[in-house]
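My notes follow the order in which I checked them.

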Amino acid sequence: MKKKQSPKSTSRHRKNQRTVKSSKRKNAFILWFDELGIVDVPLVGGKNASLGEMYRKLKRKGVKVPNGFAITSYAYFHFIRESGLMKDIRKTLKNVDTHDVVDLSHRGKAIRNLILNAPFPEDLEKEIINAYKEFCKLEKISNVDTAIRSSATAEDLPDASFAGQQETYLNVRGDKAILTSCRKCFASLFTNRAISYREDKGFDHFNIGLSVAVQRMVRSDKATSGVMFSIDTETGFRDTVYINAVYGLGEYIVQGMVNPDEFTVFKPLLAKGFKPIIRRKIGAKKRKLIYSSNGTKTTKNATVSLNDRQKFCISDEEALTLSRWAMIIEDHYKKPMDMEWAKDGRTGELFIVQARPETVQSMKNINVLEEYILEKKGEVLTSGSPVGRKIGIGKARVIMDAKDMVKFRPGEVLVTDITDPDWEPIMKIASAIVTDKGGRTSHAAIVSRELGIPAVVGCNNATSRIHTGTTVTISCTEGDTGNVYKGILPFRINKTNIKNLKKPKTKIMMNVGTPETALDACKIPNDGVGLAREEFIITESVGVHPLALINYSKQPKDIKKKIDRLMVGYPSPRDFYVMKLAEGISTIAAAFYPKDVILRFSDFKSNEYATLVGGEQYEPKEENPMIGWRGASRYYDEKFEPAFSLECEAVHNVRTKMGLTNLKVMIPFCRTIDEGKRVLKVMEKNKLKRGKDGLEVYVMCEIPSNVILADEFAKIFDGFSIGSNDLTQLTLGVDRDSALVSHVFDERNEAVKKMISNVIAIAKKHKKKIGICGQAPSDFPDFATFLVEQGIDSISLNPDTVLPTTMKILKKEQSLKRRHKRK
């Protein structure tokens, strides 16, 4: 090979730092992180430009980024030209059909082999070795261990994401290993997925170059690592940081090899100094990737001990630190970001090792609401973490080995253990994807979001429960759980443009049951939450009777075993109840912040409480639990007050530790004035004093006595919320659970309407807020218009009825306005 003069070296001693002139930068083989900025994407790709930008500008703000240097895209093109590969690569790619996965695989492999077997130009090889030697001197370590990362020059364009298409190599040390890994990175520009992606996007294969980062290795093999987003990856909610964490090196998250721990942090109040971790979810974390001493293999798989698996792998404080960094990075780039982080097990320090723009949720039109609604449920074959908020239907195709991809047909549902970039050609023609392994940031999840198809990941048993040829329905619309149903189930899609939707004078609030739906529901035009049901959180997130947790030491072995399994990752049974309750409550409060969120304290009936783990021993057998020991009567009863104190503690933590003071509370089924006073006294004893720090306490108006004594109730509470179901039941003397008299049950009965009209008038007289959170306005739009006529302050509706009911209320308000003008 003809020897060429080497471009002037950009390596330099740190004692005499200088910036390479722009005219020479374009022809530089090596650029150090402290010379790079985001404008250098054409030279070093999106990933490396971002590393340089953060290293130079965000260190002073506390964000730690490991040092390193970039082998430029100019170096890559120099390598391709000097090795004579361009002609062969173009010939190999001529008339490629990306739908023919076998042919694509053969061509991709052929090109990669060409690159892997081509020698480096002498001048480039010398530059890389010299830069690595200087890096070793800077780090004061002989043969310093590095991470070798690919960075494509068209990476992370607004309309395209190259994330995950090129390779990363960890624990690379020594001249020879650095050069080998660099060549492998160059070759990874021609993985099957990368070729297919560029063909689909219309990118010329040689208009895209590759840069390589040689970065100081963070010893997360001895600690933890993960990914995080400054936006919710499923709903596009922009006020949260979403963090995934695993033991060891982070490659297993992206590969979907491990189900990680998850944390969600609320940004607006973190910025004000609070500690708003609104969600935690412990992952299985069965395996980890660590350093290998084997000469040919730099990393190896290891089993995580049961003790470590049953703990969150990062602390709350570390999650908060990472979230603060995510906010700094997002603020710097002025857009939602996708980041990778690592913790060094030797020093305990956290580092950001990558950052790129988030290119899925942030690109969506926020003025158009798209809602997939499953109209019927069926037999569940398997469940996992949902990706996207869609529903997909098709025949299942179980594929366990990439060599069998040729069997896959367009429109089928891909069912497999895990996916990697080589699976992309069939993923893009799938109607849905289901995997045994992986979390919401695994390869399968990332690609399915980009493709806009539903996926259920981390099912554990999908490949054994689903068989090829079985028709399945994949539903990602049911909160935190994605379900795979047997057969074809009916569903519909609602699309609504809310850009020009007017707001009525009457406040339109929402009834929110499950926290998992809150980050989606809050996008519907609303004035807050009129009813957040605590019992949904207790059932779904806790599942144990609070008294069984308080008296854990007295429980029989079988109950203890069930509790132990549920509370994995939490310090104690008591803390488990308080923390899970606080997480659920805070998720709803954060989703709608700073609008009011009215939380109803637990309103289980005795037969419902008995179904919780350990509940039977604490609940009486009542003939009619509907009007028995429920609501307010429990809270001051010495048999239940210890449990109610945990609810109060959870609410106190949400308001004071997390800063969500938009949270209000409501007392259900309060029969008498004396009961109301006794409950308020118990609350005050548990640090929830009405009026302190703006705490408002409402009472449910669902018993005739609430209406008859409304003047007195108005003196001790801040407002009323009408519960139309129970008020109808008790006004008409109808058991709403009895089919025999169901024809009599009607909220629109004149007796019920008179009750409601009276209590609205009394609330207005006392200048107290009054709304309704019962089912009637959601079911009967004409009932909603009746409430508007009576001058109610707010109507709380189920999310799916908000838009149509809002339109009817606007129409009614306009009618009343015209009538008023005529008078």
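I began with Cys 648, which I found to be buried, its relative accessible area being 0%. The model is a predicted one, and I counted 0 disulfides in it. A pair would have to lie within 2.5 Å to be counted as a disulfide. I also looked up Cys 313, which is buried as well, with a relative accessible area of 9%.

Next I turned to the peptide bonds. Which two residues does a cis peptide bond join? I noted Tyr 593 and Pro 594, with omega at about 5°. I then placed Pro 594 in the loop that runs between helix α20, residues 573-591, and strand β25, residues 597-600.

Last, I went through positive phi values in residues other than glycine. Asn 171 has phi near 55°, and its place is in strand β4, which spans residues 168-172. Is Asn 171 buried or exposed? I recorded Asn 171 as buried because its relative accessible area, 6%, falls under the 20% cut-off.

Phe 669 was another such entry, with phi near 45°, again a positive value in a residue other than glycine. I located Phe 669 in the loop between β26 (663-667) and α24 (673-685), and I noted that Phe 669 is buried, with a relative accessible area of 2%.

Methods
Residues numbered from 1 in each chain as written. Predicted model: local features only at pLDDT ≥ 70, side-chain atom pairs only at ≥ 80, totals over all residues. Heavy atoms only, no water. Buried < 20%, exposed > 50% of the residue type's maximum accessible area, 1.4 Å probe, protein only. Helix = DSSP H or I, 4+ residues; strand = E, 2+ residues; numbered from the N terminus.
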